[in-house]
Amino acid sequence: MNTKNNRRSQETRKRMKQALLGLLDRMDILDITVSRLCDAAEVNRSTFYSYYDSVADLLEEMEREIGTDLFERFAGENYNDGNLFSIDHLALVLEHIKANQNFYRAYLAQSTSKSQLDSAFGQLLQQYIRPMMHKLSVDDTAIEYYFAFFRAGFMAVLNHWLQNRCHESPEAVLDYLRNVLSHPEFAV
């Protein structure tokens, strides 16, 4: 009996995910059909539909798995509930991105990723940044500008690093960020 948790089933799902990443590297998610995905994964359509309702459903599963992995890095001893933007916390994020760079490179190039990123950054702003900045007596208008600057800069660095196939180590990227932020020309 072919259940969704047996070894063969897991290998089939993995093959479909790898095929989707390969296709996303070359085309937008909106151009990927089930037939094209099945050809790339070397599975038939009935196999695909026994696991997923659509290509978007497969991508959503991948997003959940990647997100779960990222949040697990902040669990327990890895996260001390200190400064969310500390070098240690950013190192965890960059290590996760490097380990999943094929997903992130393909995902961030997609036309549909903007709304997902807007939602994720919005949650980050509301749940962590705004309360942290309010404790420092920063008003809402200033918070919006600071966060817009942080977001744009972080995404630009991240995209550049991903386009370089994460050639530099996470530690090297953090050193670049630290050097820019502490450079006397940028000091306020």
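**Entry 1**

I am working with a predicted model, where local features need pLDDT of at least 70, side-chain atom pairs count only at pLDDT 80 or more, and totals for chains, interfaces and linings use all residues. Residues are numbered from 1 along each chain as its sequence is written, and side-chain values use heavy atoms, with hydrogens and water left out.

I found α1 at residues 7–24 and α2 at residues 34–41, packed at about 115 degrees with axes 8 Å apart. Helices here are DSSP runs of H or I with at least four residues, numbered from the N terminus. Axes are lines fitted to C-alpha atoms over the stretch in contact, and angles run from 0 to 180 degrees between N-to-C directions. That angle makes α1 roughly perpendicular to α2 (65 to 115 degrees).

I then listed who meets whom: Arg15, Met16, Ala19, Leu20 and Leu23 from α1 face Arg36, Leu37, Ala40 and Ala41 from α2. Contact means heavy atoms within 4.5 Å.

**Entry 2: the core**

Next I looked up the largest nonpolar core, which has 50 residues (buried Ala, Val, Leu, Ile, Met, Phe, Trp, Tyr and Cys joined through side-chain atoms within 4.5 Å). Its largest share, 8 residues, comes from helix α8, residues 140–163. Leu20 and Leu37 have the most contacts inside this core. Leaving aside residues up to four places away in sequence, I noted that Leu20 touches Ile29, Ile32, Leu37, Val55, Leu58, Leu59 and Met62.

**Entry 3: Gln110**

I turned to Gln110, in the loop between α6 (101–108) and α7 (113–135). Gln110 has a relative accessible area of 5%, so I logged it as buried (under 20%, with a 1.4 Å probe and protein chains only). What does its side chain reach at 2.4 Å? I found the backbone nitrogen of Ile29 there, and the backbone oxygen of Leu24 at 3.3 Å from a side-chain polar atom of Gln110. Beyond four places in sequence, Gln110 touches Leu24, Met27, Asp28 and Ile29.

**Entry 4: Cys166**

My last stop was Cys166, in the loop between α8 and α9 (170–182). Cys166 also goes down as buried, because its relative accessibility is 2%. I noted Lys98, Gln101 and Trp161 as residues it touches, again not counting those up to four places away in sequence. Cys166 and Asn102 are 64 residues apart in sequence, with a C-alpha to C-alpha distance of 9.9 Å.

Notes. Helices (H or I, at least four residues) and strands (E, at least two) are DSSP runs, numbered from the N terminus. A polar contact is a pair of N or O atoms within 3.5 Å; within protein, one must be able to donate a hydrogen and the other to accept it, and residues adjacent in sequence count only if both atoms are side-chain atoms. Angles under 35 degrees count as roughly parallel, over 145 as roughly antiparallel, 65 to 115 as roughly perpendicular and the rest as oblique.
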